[in-house]
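Please find below my note on the model you sent, arranged as numbered points so that each can be checked against the coordinates.

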Amino acid sequence: MSWGTELWDQFDNLEKHTQWGIDILEKYIKFVKERTEIELSYAKQLRNLSKKYQPKKNSKEEEEYRYTACKAFLSTLNEMNDYAGQHEVISENMTSQITVELARYVQELKQERKSHFHDGRKAQQHIETCWKQLESSKRRFERDCKEADRAQQYFEKMDADINVTKADVEKARQQAQMRHQMAEDSKADYSSILQKFNHEQHDYYHTHIPNIFQKIQEMEERRIVRIGESVKTYAELDRQVIPIIGKCLDGIVKAAESIDPKNDSQLAIEAYKSGFEPPGDIEFEDYTQPMKRTVSDNSLSNSRGEGKSELKFGGKSKGKLWPFIKKNKLSLKLGATPEDFSNLPPEQRRKKLQQKVDELNKEIQKEMDQRDAITKMKDVYLKNPQMGDPASLDHKLAEVSQNIEKLRLEAQKFEAWLAEVEGRLPARSEQARRHSGMYDVQNPPAVNNCAQDRESPDGSYTEDQSQESEVKVLATDFDDEFDDEESLPAIGTCKALYTFEGQNEGTISVAEGETLYVIEEDKGDGWTRIRRSEDEEGYVPTSYVEVYLDKNAKGAKTYI
């Protein structure tokens with residue numbers, strides 16, 4: 001099967017067919033190019049999607065990814081980022097191995113096709129020239145033969161005419177002979193050209209054209225093979241990334257299987273545990289028998305306090321509201337967190353202090369490593385003065401040492417606070433029991449439901465919206481009432497179990513072991529009002545003091 005023998009007369013159709021083949025190849029190149037663009041776009045969208053849902057650094061969102069479910073989600077985001085990378089690999093490989101290579105091959109193919117058809121046209125032009133020469137010699141031979149016949153007829157006519165002179169007859173005879181000679185010459189020339197043309201035509205149809213068409217056929221078959229190889233490469237490039245994509249998907253499955261609900265529950269406990277104990281039972285106060293009760297602005301029997309409570313707070317006991325709420329919430333909103341995290345519950349405070357200590361220790365280690373490096377460099381300079389001046393490092397060394405000392409002092413400060421908190425948490429109940437041997441006491445509520453309600457997810461105290469609005473509206477009246485209160489009589493004494501830094505308005509600082517007067521008992525909000533002197537009084541957490549109420553005070557309760 002050869003185009004040279006089967007399609008010897010289809011030069012124009014072969015030219016169209018080969019051009020169509022190149023168009024098909026260019027169409028396939030365009031298809032692959034658009035596929036690479038889609039892959040790149042898809043990879044970019046996947047990366048943007050993964051980036052969009054990545055946790056922001058130094059944000060609360062980053063802390064949430066300690067939970068196994070969030071870790072699994074983060075692993076999914078990372079795997080999707082790698083997944084996107086494989087689509088980029090597909091695009092890059094298709095571009096380099098298919099698009100670029102085929103584009104180069106198309107240019108070569110066009111040049112080769114142009115060369116082959118140029119040779120074919122040259123052969124056509126040559127055979128056409130030979131054909132024209134043959135036609136020309138044939139017409140000349142025909143013309144000369146006719147001229148010779150006419151000259152012969154004319155001579156015979158002149159020879160038969162008796163009236164024509166002998167000279168005219170001779171002239172006609174010579175003319176006829178000349179024409180016959182020209183005809184013979186034309187015949188010989190025509191025969192020679194015909195023979196040459198036949199030879200050229202045989203070479204054209206049996207040698208030149210078959211060779212040219214054979215080259216064109218081989219060129220076209222190579223094009224077809226190249227397309228087949230490219231299609232196969234197209235599939236192989238996709239198949240090459242399947243194992244890696246499979247690993248990405250396996251990573252997502254593994255992350256899903258690593259989700260541990262029990263662990264997440266434990267992390268929630270660690271994140272939100274306050275360290276306080278739940279409130280104890282509230283004792284029954286019997287009002288059916290006449291009794292002499294110590295007057296308190298916040299007791300239920302105080303008509304003035306009750307009236308004002310009902311008027312201002314819709315029946316809520318004033319003892320349920322802290323006089324320092326407004327300032328406390330304002331300081332929290334402004335981000336004014338105390339350095340020792342005393343605004344947090346004990347457990348949350350301990351975690352924050354431990355975190356701060358760890359950070360400082362890391363910084364100290366970093367500075368120490370830097371100091372060691374500078375010291376080694378100084379030793380090198382001392383041994384090899386040409387490498388540098390040892391004295392030039394003294395300033396830097398002193399600066400690093402000073403930084404280490406500052407960090408150590410800072411770490412000691414936080415470690416002291418941490419030791420204070422860690423010493424309180426486990427030992428509080430036992431210490432309280434030891435101090436209660438001579439009294440009929442019960443365990444007090446460390447913090448009541450109201451205090452728990454105020455605790456926000458980060459461990460700080462907040463008010464619900466309705467209560468906050470009430471405090472804001474009636475803040476002026478409340479402060480006036482607080483300022484105008486008469487000095488309350490002591491209803492007992494208390495001993496500070498722990499040191500308390502009263503940094504908020506309405507609180508009072510106490511030192512461990514200090515004895516003070518109790519002027520208002522805990523009304524269930526976790527705070528006890530105490531007095532140190534006539535002009536110095538305020539609230540302290542009930543769990544921080546051991547209360548000894550006067551036995552003569554009716555309905556008095558004892559807290560530890």
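This is a predicted model: local features need pLDDT of at least 70, side-chain atom pairs count only at pLDDT 80 or more; totals for chains, interfaces and linings use all residues.

1. The secondary structure of the protein chain amounts to 13 helices and five strands.

2. Of the 560 residues in the protein chain, 37% are buried. The accessible surface of the chain is about 34000 Å², and carbon and sulfur atoms contribute 52% of that area. Among contacts in the chain with a separation of 6 or more, 75% are between residues 24 or more positions apart.

3. Helix H6, which covers residues 261–272, has twelve residues, and the distance from its first C-alpha to its last is 17 Å, close to the 16 Å expected at 1.5 Å a residue. At the N-terminal end of H6 the cap is provided by Asp 260, which has a side-chain oxygen 3.1 Å from the backbone nitrogen of Lys 262.

4. Which residues of H6 are buried? They are Asp 264, Leu 267 and Ala 271. Viewed down the axis of H6, the buried residues fall within an arc of 55°, and they therefore line one face of the helix. The partners against which these buried residues of H6 pack are H4 and helix H9, the latter spanning residues 346–383.

5. Lys 71 belongs to helix H4, which runs over residues 68–160. With a relative accessible area of 44%, Lys 71 is partly exposed, because this value lies between the 20% limit for buried and the 50% limit for exposed residues. Leaving aside residues up to four places away in sequence, Lys 71 touches Tyr 65 and Arg 66. The C-alpha atom of Lys 71 is 8.1 Å from that of Ile 259, although the two residues are 188 residues apart along the chain.

6. How many disulfides does a search of the whole structure find? The search finds zero, where the criterion is a pair of cysteine sulfur atoms within 2.5 Å.

Key
Residues are numbered from 1 along each chain as its sequence is written. Side-chain values use heavy atoms; hydrogens and water are left out. Helices (H or I, at least four residues) and strands (E, at least two) are DSSP runs, numbered from the N terminus. Buried means under 20% relative accessible area, exposed over 50%, partly exposed in between (1.4 Å probe, protein chains only). Contact means heavy atoms within 4.5 Å. Accessible areas come from the Shrake-Rupley method with a 1.4 Å probe; for residues, only the protein chains shown count as cover. The expected span of a helix is 1.5 Å times one less than its number of residues. The arc is that of the directions from the helix axis to the C-beta atoms. A polar contact is a pair of N or O atoms within 3.5 Å; within protein, one must be able to donate a hydrogen and the other to accept it, and residues adjacent in sequence count only if both atoms are side-chain atoms.
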